[in-house]
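Here is a friendly briefing to read with the model open beside you. Have a look at the fold, then follow the points below.

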Amino acid sequence: MDKLSRRNMLKAGGALGALGAMAVAAPAQGRVPWTWSAAGSVAGRGAGTDPRYVWDDEADPLVAALLDRGDVPRVNQLLAGWTKNGQPLPAGLPTDLRDFMERARQLPSWADQRKLATAVEFNEKRGLYLGVLYGLASGMMSTVIPKEARAVYYSQGGADMKDRISKTAKLGYDIGARNAYQPDGEMVVTCVKTRLVHAAVRHLLPKSPQWTQAADEEIPISQRDMMVTWHSLPTTVMQKLVAWKIPMPAAESTAFLHSWQVGAHLLGIRDEYIPASWSEANAQAAQVLTPVLAATPEGIKLADILLNLGSSVDGGVLSKPILGAFTRFLLGDEIAGWVKIPREPVWDPLLRTAWGPFIAVREGLLPLPGAPESYWLFDEFLRKAALLFLSEAKPINITIPETNRPS
């Protein structure tokens with residue numbers, strides 16, 4: 001049977017072509033069909049199409065045209081100065097791109113400004129936890145999401161992982177800022193630019209011999225892939241905060257979710273795939289995230305790069321063994337083994353025994369006097385990790401790639 005082509009699907013009739021492809025591909029590949037109900041989404045309804053066979057109908061053909069016309073260098077130059085949500089788009093953009101970006105930058109009708117304001121309170125209270133969780137729980141988890149690891153490794157960003165990671169960290173930094181979705185914030189800009197990058201990668205990666213040999217799909221970054229990555233961020237972070245018994249008012253927890261729901265929409269994820277509640281998010285993650293986690297050669301290499309990032313801001317605290325021990329503590333022995341993280345005779349048992357009491361002391365649930373010295377080490381680690389994975393996000397220009405990773 002000929003391999004399914006996304007172009008042929010689109011030619012065959014958009015959604016109907018995708019549905020037909022799903023009917024053929026799912027049994028052939030032995031994959032579990034999509035069963036999560038759109039009734040649990042922010043849209044409250046949907047077609048029920050498996051997001052594995054849905055991409056970005058607006059951005060994909062547009063960015064492919066930009067690449068084919070040779071417009072991308074000029075577009076990147078013009079967009080370098082577009083950094084604030086309320087800032088007008090720069091003059092000189094191609095008309096089709098300008099029209100798309102004006103639509104794409106709009107908040108969804110269901111965005112709730114009160115919840116977004118409450119999310120600011122949540123981020124300020126939990127900022128240090130969020131820094132380490134985005135970096136070591138979410139960031140390291142990305143190395144054992146096979147499709148994501150391959151897409152990152154073989155795309156242009158894989159050739160300069162420090163730059164690639166800084167651009168990823170910008171998303172976590174921007175969504176946690178006080179003005180994230182306000183006119184003087186940057187989250188909308190970051191999402192729209194990232195959406196363009198994803199569309200470019202979908203166009204370019206199928207032309208990479210290295211990626212096509214390693215991948216089990218013809219087009220990367222489907223809507224399902226994007227939801228997998230999304231769950232590695234807010235869903236995973238909230239699961240860890242709950243497991244650590246961090247006191248959280250329900251309104252703040254809901255607001256944190258809402259900020260990420262709005263972000264998902266701006267990244268181009270269809271509303272019918274965005275969970276409406278934490279219970280729905282956990283249910284969807286159990287179907288699309290947990291079962292796909294696995295080791296890949298690309299992921300192992302990416303994990304090693306991530307673990308070595310701390311050397312630039314180490315200060316004697318963020319050494320590779322400590323980052324590895326925290327990764328094992330957060331993600332478990334199996335995943336740590338997949339990415340070849342060695343056991344640490346000091347830090348591994350210390351984290352298992354002292355982390356819970358440290359959280360209780362930090363949250364005021366236990367008295368501070370007599371706290372072991374390890375608690376102060378943990379607090380310093382949180383501060384350094386937040387600096388590394390969030391606050392170090394200097395002015396970063398997200399650009400549309402023109403090529404894949406050099407051979």
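In this predicted model, helix α6 (residues 113–141) and helix α12 (residues 250–266) cross at roughly 85°, and their axes come within 8 Å. An angle from 65 to 115 degrees counts as roughly perpendicular, so α6 and α12 are roughly perpendicular to each other.

**Where α6 meets α12**
- On the α6 side, the contact is made by Lys115, Leu116, Thr118, Ala119, Glu121, Phe122, Asn123, Lys125, Leu130 and Tyr134.
- On the α12 side, the residues include Ala251, Glu252, Thr254, Phe256, His258, Trp260 and Val262.
- Sorted by class, the contact of α6 with α12 has 10 nonpolar, 6 polar and 4 charged residues.

**The nonpolar core**
- In soluble globular proteins, nonpolar side chains tend to be buried together.
- Here, the largest nonpolar core has 111 residues, and those touching the most other members are Met101, Tyr181, Trp244, Phe256, Phe326 and Trp355.
- Across the chain of 407 residues, 54% count as buried.

- Helix α3 (residues 59–69) packs against helix α9 (residues 187–204) at an angle of about 70°, with the axes 8 Å apart.
- That angle makes α3 roughly perpendicular to α9, and α3 passes α9 in a right-handed crossing.
- From α3, the residues Ala59, Asp60, Val63, Ala64, Leu67 and Asp68 meet a set in α9 that includes Arg195, Leu196, Ala199 and His203.
- By class, this contact of α3 with α9 has 8 nonpolar, 1 polar and 4 charged residues.

- Is Leu79 buried or exposed? Leu79 counts as buried because its relative accessibility is 4%, and the cut-off for buried is under 20%.
- You will find Leu79 in helix α4 (residues 72–79).
- Beyond residues up to four places away in sequence, Leu79 touches Pro90, Leu93, Met101, Lys193, Leu196 and Asn397.
- Two of these partners have come up already: Met101 is among the core residues that touch the most other members, and Leu196 is one of the α9 residues that meet α3.
- Leu79 and Thr399 are 320 residues apart in sequence, yet 8.1 Å apart in space, C-alpha to C-alpha.

**The chain as a whole**
- The chain has 18 helices and 0 strands.
- Among contacts with a separation of 6 or more, 75% join residues 24 or more positions apart.

Note on methods
Residues are numbered from 1 along each chain as its sequence is written. This is a predicted model: local features need pLDDT of at least 70, side-chain atom pairs count only at pLDDT 80 or more; totals for chains, interfaces and linings use all residues. Side-chain values use heavy atoms; hydrogens and water are left out. Axes are lines fitted to C-alpha atoms, for helices over the stretch in contact, and angles run from 0 to 180 degrees between N-to-C directions. Helices (H or I, at least four residues) and strands (E, at least two) are DSSP runs, numbered from the N terminus. Angles under 35 degrees count as roughly parallel, over 145 as roughly antiparallel, 65 to 115 as roughly perpendicular and the rest as oblique. A crossing is left-handed if the near helix is turned anticlockwise from the far one by less than a right angle, and right-handed if clockwise. Contact means heavy atoms within 4.5 Å. Ala, Val, Leu, Ile, Met, Phe, Trp, Tyr, Cys and Pro count as nonpolar, Asp, Glu, Lys and Arg as charged, and the others, Gly among them, as polar. A nonpolar core is a set of buried Ala, Val, Leu, Ile, Met, Phe, Trp, Tyr and Cys residues joined through side-chain atoms within 4.5 Å. Buried means under 20% relative accessible area, exposed over 50%, partly exposed in between (1.4 Å probe, protein chains only).
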